[in-house]
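Hi everyone, thanks for coming. I'd like to walk you through one structure today, so let me put it up on the screen.

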Amino acid sequence: MTRIALVTCSRLPDLDPEDTPLLAALAARGASAQAVVWDDATVRWSDFDLVVVRSAWDYAQRHEEFLAWAERVSSQTRLVNPLPVIVWNTDKHYLRELEAAGVRIVPTQWLEPERHLSSRALHTRFPAHGEMVIKPAVSAGSIDAGRYTAIDAQSRGLAIAHARRLLAENRTVMAQRYLASVDTVGERAHVFIDGEHSHSVRKEAMLDGPDVAVEGIYKEERISGIEAPEEEIRMAREVIATARRLLEARAGDGERADDLPFLYARVDVVSDDDGRPVLMELELVEPSLFPSYAEGALDRIADAFAARARRGRA
Ligand SMILES: Nc1ncnc2c1ncn2[C@@H]1O[C@H](COP(=O)(O)OP(=O)(O)O)[C@@H](O)[C@H]1O
Ligand SMILES: [Mg+2]
């Protein structure tokens, strides 16, 4: 039996319910899988042939600690997606690199803490009209993201206060126009397993107002399975290929560029005001894979994880 750790956080010690069926599906494939909390100091990571990051959704405020964890695990066993991918993809600055490489992303103002921007300077960088979004560059589960009205003085003031709070925590802030299609058409998430498109879902709008403290570590999502348009699958494939090229270019001389495809990738797409698809995010670390929303998805995911674990042991 190969052994697989499905990595989660202490708030979800038994995995996200969406991932629970994976345990039995992997067992049926001769792999013994278990949920493991990433910051549980008693875990011996070398006991596992494969360590797969799943619902480790509490890393946004503990980014350095999480990367140090990933480095440690990576030195002991096979971690997927691999360490360089985790380093690159847990900070949404990667979107800037994708944009420079020709990917259409949601237009973004990047507000860096080391610039020490005044409220006035933030104000001039925010959109002049419509609605806008303030969110941190290191984030998960829509936590710390808020939606504001650009021309309403009170709302704009709240947006500035939100941005200042994140900057004071030494976090990069992303300011974006709110893309209205998210309310009507919704966001589309295209799931790729081992490089192949597996299935797609639609996710309803997540933001309805200013950032407020939420109880959990993610905001509840409303999901439905969809048949994805071919155009978007093509775009998603290009995004993934571009990410691979960027990661290969980053790999240092002595470092081995991992030649395997991403075990999983999720490409989140929204439509801009002209109806053209743009990238919201590329999730290579801890995306929900939504296996319950498509026929055969759970089997494809379990097949890929089990095969990768056998490879880890080899
Ligand atoms: N520019 C935007 N326009 C409309 N909705 C947005 C925008 N940015 C974020 N959102 C909403 O907030 C959610 C979370 O933002 P996202 O960038 O995907 O961060 P996370 O890593 O937390 O998922 C999205 O799924 C979407 O519903
Ligand atoms: Mg998202």
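This is a predicted model: local features need pLDDT of at least 70, side-chain atom pairs count only at pLDDT 80 or more; totals for chains, interfaces and linings use all residues.

Domain 2, which is 94-104 plus 184-290, and domain 3, 108-177, both give residues to the shell around ligand 1, so the ligand lies between them.

Who are the neighbours? There are 19 residues around ligand 1, and Lys92, Lys135, Ser142, Glu187 and Glu281 come nearest. By type, the shell splits into 9 nonpolar, 4 polar and 6 charged residues.

An oxygen atom of ligand 1 is 2.8 Å from an N or O atom in the side chain of Glu281. On the backbone side, an N or O atom of Ser142 lies 2.7 Å from a ligand oxygen, and for Ser139 the corresponding backbone distance is 3.5 Å. If you're looking for the elements that give two or more residues to the shell, they are β6 (131-136), β8 (173-177) and β13 (277-283).

Let's move on to the backbone. Most residues other than glycine have a negative phi, and most peptide bonds are trans. Here, the peptide bond from Val80 to Asn81 is cis, with omega near -15°. Asn81 is in the loop between β4 (78-80) and α3 (83-89).

The other spot is Asn170, whose phi is positive, near 65°. You'll find Asn170 in the loop that runs between α6 (153-168) and β8.

Thanks, and I'm happy to chat.

Technical notes. Residues are numbered from 1 along each chain as its sequence is written. Chains are lettered from A and ligands numbered from 1 in the order in which they are written. Side-chain values use heavy atoms; hydrogens and water are left out. A residue is near a molecule or strand if one of its heavy atoms lies within 4 Å of it. A polar contact is a pair of N or O atoms within 3.5 Å; within protein, one must be able to donate a hydrogen and the other to accept it, and residues adjacent in sequence count only if both atoms are side-chain atoms. Helices (H or I, at least four residues) and strands (E, at least two) are DSSP runs, numbered from the N terminus. Ala, Val, Leu, Ile, Met, Phe, Trp, Tyr, Cys and Pro count as nonpolar, Asp, Glu, Lys and Arg as charged, and the others, Gly among them, as polar. Domain bounds come from an automatic or database domain assignment.
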